[in-house]
Amino acid sequence: MADLELKVTDIRDLTANIKMYELRAAKGGDLPAFDAGAHIDFKLPNGLIRSYSLANDPKERDRYVTAILRDAKGQGGSMWMHDNVKVGDVLVSSPPLQNFPLIEDAASTVLLAGGIGITPILAMGYRLKALGRKVHLHYCARSPEDTAFMDEVKRVFGSDVTFHHDGGDPSKGIKLAEVFKDYPAGTHLYVCGPGGLLNAVRQAVGHWPEGTVHFELFASAKTAEQVAAAAASQENFEFEVELARSGVTLTIPADRTILDVMIEEGFGVPYACEEGWCGACVIPMISGKADHRDEVLTDAEKAANTKIQVCISRAAVPGEKLVLDM
Ligand code: FES
């Protein structure tokens, strides 16, 4: 689907460092429909591509709502949005994309949002409530003043929300081991937030059944030291990638990624982080064994070898050819 031209029709301060952006079709009319959990990739004039989740009710077709945390330590996308975008501006984005799909007929659903991670979770709340499903939200933030969409969350979830305000001290926040000790049969958990929270949740839900816990990362959960250690322990070698539907075989040199070579050869692949955590560059894989280096796929998905994040993952061993469904 072609890129969208979106007119900014409202900007509001939700907290001291989170702004809400309302976007409508620049030429009027309906926007492409989206499912809860979806995001759009803004193509910023400074060359950055940044993914932001849609927070509004998926049944609305006349607008998208997203919220952006000003991240002074990030790569500049959020600061550019905060500092430059005004009501009336027209931004270019991808159509809605989905890396965090919601299973709508689960027996019950638990949602966990950390800070700005509330954006896709709020859209999930709208959808599950509209379907009359059993749902409960745990929403973690520093304080009520730092809790984006507080009134809207209360309106959507009613009594099915617990706010956890830790005052900046995680030890005073949500007791993950207690909250996630039990998992009523058929319950699915969706988690969106910063890497530290996600890592802690991963430990707390290690006993939940495979496939019932779903994560969306807003940044790499790895520290700079972990990234450096992984790079030092990983050997890169040349390998081949066959694009089955195009009938093309590409050679990926040791110092380039699959994504680099595909773009150079004119194959359009969506991407954003280029570090293996945002999920944008996933491509279905037909055969071959990959060295999955990303933070997106689950262990089961990595073992299945039916998809690959082409910005970071490579062939598992020299001589291994990866055949992609593209
Ligand atoms: S571009 Fe983000 S995971 Fe590949």
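User: Which residues of α2 are buried?
Analyst: In α2, the buried ones are Ile118, Thr119, Pro120, Ile121, Leu122, Ala123, Met124, Gly125, Tyr126 and Leu128. Buried means under 20% relative accessible area, exposed means over 50%, and partly exposed is in between, with a 1.4 Å probe and protein chains only. Helices (H or I, at least four residues) and strands (E, at least two) are DSSP runs, numbered from the N terminus.

User: Before I go on, what should I know about the model and the numbering?
Analyst: This is a predicted model, in which local features need pLDDT of at least 70 and side-chain atom pairs count only at pLDDT 80 or more, while totals for chains, interfaces and linings use all residues. Residues are numbered from 1 along each chain as its sequence is written, and side-chain values use heavy atoms, with hydrogens and water left out.

User: Back to α2, then. How many of its 13 residues are buried?
Analyst: Ten of the 13, so α2 is mostly covered.

User: And what span should the helix have?
Analyst: The expected span is 1.5 Å times one less than the number of residues. For α2 (residues 118–130) that gives 18 Å, and the end C-alpha atoms are 18 Å apart, which agrees.

User: What follows α2?
Analyst: Gly132 follows α2, and its phi is positive, near 75°.

User: Switching topic: how many salt bridges are there?
Analyst: A search of the whole structure finds 20. A salt bridge here is a side-chain nitrogen of Lys or Arg within 4 Å of a carboxyl oxygen of Asp or Glu.

User: Which residue does Lys43 pair with?
Analyst: Lys43 forms a salt bridge with Asp3, and the closest N and O atoms are 3.0 Å apart. Lys43 lies in strand β3 (residues 39–43) and Asp3 in the segment before β1 (4–13), so the pair ties together parts that are 40 residues apart in sequence. Lys43 is partly exposed at 34% relative accessible area, and Asp3 is partly exposed at 41%.

User: What about Lys321?
Analyst: Lys321 forms a salt bridge with Glu242, with the closest N and O atoms 3.2 Å apart. That pair links distant parts of the chain, with Lys321 in strand β18 (residues 321–324) and Glu242 in strand β12 (residues 239–243), 79 residues apart.

User: Which residues are linked in a network of salt bridges?
Analyst: Glu22, Arg24, Glu60, Asp62 and Arg63. Within it, Arg24 forms a salt bridge with Glu22, the closest N and O atoms being 3.2 Å apart. Glu22 is buried at 9% relative accessible area, whereas Arg24 counts as partly exposed at 27%.

User: Now the domains. Where are they?
Analyst: Domain 1 covers 4–93, domain 2 covers 108–217 and domain 3 covers 233–324, with bounds from an automatic or database domain assignment. The C-alpha centres of domain 1 and domain 3 lie 29 Å apart.

User: Which domains give at least three residues each to the lining of the second largest pocket?
Analyst: Domain 2 and domain 3. The pocket is lined by 37 residues, and Phe215, Val296, Leu297, Thr298 and Glu301 lie nearest its centre. On a 1 Å grid over the protein atoms alone, a cavity is a set of points where a 1.4 Å probe fits but cannot get out, a pocket is an open set with protein on both sides within 12 Å along at least five of seven lines, and lining residues have an atom within 4 Å of a point.

User: Which element gives the largest share of that lining?
Analyst: β11, with five residues.
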